[in-house]
2 protein chains.
Amino acid sequence: MAGNARVPRPTAQRLSLYLRELERLGAIEQVTVSSRQLGESVGATDAQVRKDLGIIGHSGMPGIGYQVMALAEAIREVIGVHKQWRAALVGAGNIGRALVAYRSFHEQGFEIVAVFDASPAVVGRTVAQLRVRPMTDLAATVAREGIDIGIVAVPAESAQDVAEDLVAAGVRGILNFAPRLLSVGKRVAMVNVDFRSALENLVHDVSQREIAEIFAAVSKPTVRRRRGRGAA
Amino acid sequence: MAGNARVPRPTAQRLSLYLRELERLGAIEQVTVSSRQLGESVGATDAQVRKDLGIIGHSGMPGIGYQVMALAEAIREVIGVHKQWRAALVGAGNIGRALVAYRSFHEQGFEIVAVFDASPAVVGRTVAQLRVRPMTDLAATVAREGIDIGIVAVPAESAQDVAEDLVAAGVRGILNFAPRLLSVGKRVAMVNVDFRSALENLVHDVSQREIAEIFAAVSKPTVRRRRGRGAA
DNA sequence: GTTTGTGAACCGTTTCACAGCA
DNA sequence: TGCTGTGAAACGGTTCACAAAC
């Protein structure tokens with residue numbers, strides 16, 4: 001019932017992480033969690049967790065914490081994962097096939113119900129029990145199967161066209177694996193997953209860290225001591 | 001030469017996107033870009049682009065814009081992609097194999113030079129010309145091959161152990177595909193790619209949009225008109 | 001003692017707006 | 001005229017700190 005307040009994006013992202021941890025705790029039959037424990041598992045502070053849960057209108061019990069199961073359910077509702085989402089995958093290449101094979105999606109509210117590819121060489125082949133269909137079937141299939149979201153796993157050059165086809169077919173959201181900004185109307189939601197950017201962000205971090213270490217070594221040539229949080 | 005100032009994370013992420021666009025423009029032999037054009041291609045404002053480039057200490061020419069090639073090179077240097085990075089992949093499952101097959105990494109400063117897997121059934125098999133090695137070879141291989149970064153593509157349950165092995169072996173950064181927060185020392189950089197979170201963020205967006213539309217329909221039952229930026 | 005809920009202070013980033021240069 | 005560079009203002013999110021609840 002609580003769940004129509006505006007949720008800032010950073011909060012929405014963390015909710016997803018809280019949910020994962022809550023499911024883990026539920027499986028272990030832990031009944032309550034403190035904001036502190038929940039925060040630690042996802043790299044957030046306790047205050048942050050409380051703010052986030054406040055935003056979605058969920059309350060805990062002072063001195064006790066939050067009910068694991070009830071909280072998980074509340075988050076699912078806010079995120080929208082309480083219903084099952086049906087997805088169409090476009091692109092049966094390496095990434096596409098890996099996604100279809102990712103069995104756990106199904107248990108988490110997502111299901112890839114159709115696979116498409118532009119290449120005649122691939123159309124008709126079977127990927128994880130799904131027959132790869134030609135792009136010409138897209139619109140009809142999206143309508144018939146009640147598909148909500150499209151997954152774009154094609155090369156950058158064709159990604160924009162595919163996105164437009166998906167939008168025309170009526171999907172409400174697109175998960176884009178192509179390294180290109182796709183422009184779709186603002187009625188359609190869009191999330192990008194970009195390996196190259198992820199790697200570049202990583203090496204940038206590594207580089208900055210190296211520079212920082214050289215600096216530290218020069219300006220403070222003693223043994224460094226920092227508080228807390230060491231990793232085994 | 002310019003490139004040791006502190007770069008805020010949001011800026012670093014956009015630099016990665018600018019670089020892609022600059023490479024595309026370079027291929028088309030466009031010589032200069034305006035902040036406006038560059039911004040549009042990645043979904044940022046012109047002011048944002050100028051601020052970002054200012055941060056990395058790169059200047060353009062008033063009335064003209066930025067030199068495409070020079071800017072690309074400057075960004076590569078800041079990101080750290082001017083050198084070639086060597087990666088070890090752990091986990092030869094679906095995602096792992098998709099990553100190895102991702103040929104374009106190589107042209108972009110990254111190379112997966114070794115693949116590891118814990119399962120004896122997989123060890124010894126060949127993935128894209130690389131023989132899958134047992135985990136016991138990890139430390140020696142990382143040292144011998146001069147590997148900088150590790151890619152974790154194993155199930156959530158083993159991810160933390162793998163991360164610790166990688167850190168012990170001496171990698172400086174980890175790209176994590178497992179849906180779990182991995183704790184490593186703060187000397188090691190870490191970037192997460194999480195399909196489930198991405199999907200959840202997407203459906204959350206879709207849900208919010210639906211709510212917003214219902215709202216709009218109720219409170220303002222006229223044809224909506226908003227300025228700018230429509231997509232074909 | 002533990003832990004929540006939250007106003008207030010804080011901080012980093014984005015946007016604005018305009019002077020200055022080509 | 002077109003576009004950059006940049007202080008100053010605005011914004012949004014995070015952290016702090018503490019009263020209230022168990």
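Over all chains, a search of the whole structure finds 26 salt bridges, a salt bridge being a side-chain nitrogen of Lys or Arg within 4 Å of a carboxyl oxygen of Asp or Glu. This is a predicted model, in which local features need pLDDT of at least 70 and side-chain atom pairs count only at pLDDT 80 or more, while totals for chains, interfaces and linings use all residues. Residues are numbered from 1 along each chain as its sequence is written, chains are lettered from A and ligands numbered from 1 in the order in which they are written, and side-chain values use heavy atoms, with hydrogens and water left out.

One of the bridges lies within chain A, where A:Arg86 and A:Glu145 meet with an N to O distance of 2.9 Å. A:Arg86 belongs to strand 3 (residues 85–90) and A:Glu145 to helix 7 (residues 138–145), so the pair links distant parts of the chain, 59 residues apart. Helices (H or I, at least four residues) and strands (E, at least two) are DSSP runs, numbered from the N terminus. A:Arg86 is partly exposed at 26% relative accessible area, and A:Glu145 is partly exposed at 23%. Buried means under 20% relative accessible area, exposed over 50%, and partly exposed in between (1.4 Å probe, protein chains only).

A:Glu145 also forms a salt bridge with A:Arg144, their closest N and O atoms being 3.5 Å apart. A:Arg144 is exposed, at 56% relative accessibility.

Another bridge pairs B:Arg20 with A:Asp194 at 2.2 Å, N to O. This pair joins two chains, because B:Arg20 lies in helix 1 (residues 9–27) of chain B and A:Asp194 in the loop between strand 9 (189–192) and helix 9 (195–219) of chain A. Both B:Arg20 and A:Asp194 are buried.

Finally, a network of salt bridges links A:Glu23, A:Glu73, A:Arg76, B:Arg196 and B:Glu200.
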